[in-house]
Amino acid sequence: MQRAGEIKDLQIQPRFELLPAFTRIGEKHRKIEYVGDFSYTDKNGIEIVEDVKSDFTRKNPVYLLKKKLLLFRYEDFVFLET
């Protein structure tokens, strides 16, 4: 699609920080990230983040929570789940 000029700025496995690393009462907590499969800009200039999931994965509670946090925190792109 990029070679055909339909998309540009293709990235594979883009990372989005959902929660930064922090320390609380001396205990360190790692950051939480969402990793998509692809991100790109379509020919209309719209930024897209795309994730390919099986029906089983779409029901995974961890995935559902991370997806919800991603959609809340990042509003500047269209999210596609295929």
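This is a predicted model: local features need pLDDT of at least 70, side-chain atom pairs count only at pLDDT 80 or more; totals for chains, interfaces and linings use all residues.
Visitor: Let us start with helix α2. How many residues does helix α2 have, and what should they span?

Guide: A general idea first. An α-helix has 3.6 residues a turn, so residues three or four places apart point the same way. Now the case here. Helix α2 covers residues 61-73, which makes 13 residues. At 1.5 Å a residue, they should span 18 Å. The end C-alpha atoms are 18 Å apart, so the two agree.

Visitor: What happens at the start of α2?

Guide: Look at N60. A side-chain oxygen of N60 comes to within 2.8 Å of the backbone nitrogen of V62.

Visitor: Which residues does K66 contact, beyond its neighbours within four places in sequence?

Guide: K66 sits in helix α2. Its contacts beyond those neighbours are L18, I32, E33 and Y34. A polar atom of the K66 side chain lies 3.1 Å from the backbone oxygen of E33. K66 is partly exposed, because its relative accessible area is 28%.

Visitor: Now salt bridges. How many does the structure hold?

Guide: The idea is simple. Side chains of opposite charge can pair when their charged atoms come close. This structure holds 4 salt bridges. One of them joins R15 and E33, with the closest N and O atoms 2.7 Å apart. R15 lies in strand β2 and E33 in strand β5, so the pair ties together parts that are 18 residues apart in sequence. R15 counts as exposed, at 56% relative accessibility.

Visitor: Where do K67 and E81 lie?

Guide: Their side chains meet in a salt bridge, 3.6 Å from N to O. K67 lies in helix α2 and E81 in strand β8, so this pair links parts that are 14 residues apart in sequence. Salt bridges with shared partners also join R15, K31 and E33 into one network.

Visitor: Is D51 buried or exposed?

Guide: D51 is buried, with a relative accessible area of 1%. D51 forms a salt bridge with K53, the closest N and O atoms being 3.5 Å apart. K53 counts as partly exposed, at 22%.

Visitor: Which residues make the nonpolar surface patch?

Guide: L10, I12, F38 and V52 make a patch of about 360 Å². V52 is in the loop between β7 and α1. At 46% relative accessibility, V52 counts as partly exposed.

Visitor: And S39, buried or exposed?

Guide: S39 is buried, at 11% relative accessible area. S39 lies in strand β6. Leaving out residues up to four places away in sequence, S39 touches D9, L10, Q11, P14, I48 and V49.

Definitions and conventions: Residues are numbered from 1 along each chain as its sequence is written. Side-chain values use heavy atoms; hydrogens and water are left out. Helices (H or I, at least four residues) and strands (E, at least two) are DSSP runs, numbered from the N terminus. The expected span of a helix is 1.5 Å times one less than its number of residues. A polar contact is a pair of N or O atoms within 3.5 Å; within protein, one must be able to donate a hydrogen and the other to accept it, and residues adjacent in sequence count only if both atoms are side-chain atoms. Patches are made of residues with over 30% relative accessible area and no salt bridge: like charges are joined within 9 Å, nonpolar side chains (Val, Leu, Ile, Met, Phe, Trp, Tyr) within 5 Å. Accessible areas come from the Shrake-Rupley method with a 1.4 Å probe; for residues, only the protein chains shown count as cover. Buried means under 20% relative accessible area, exposed over 50%, partly exposed in between (1.4 Å probe, protein chains only). Contact means heavy atoms within 4.5 Å.
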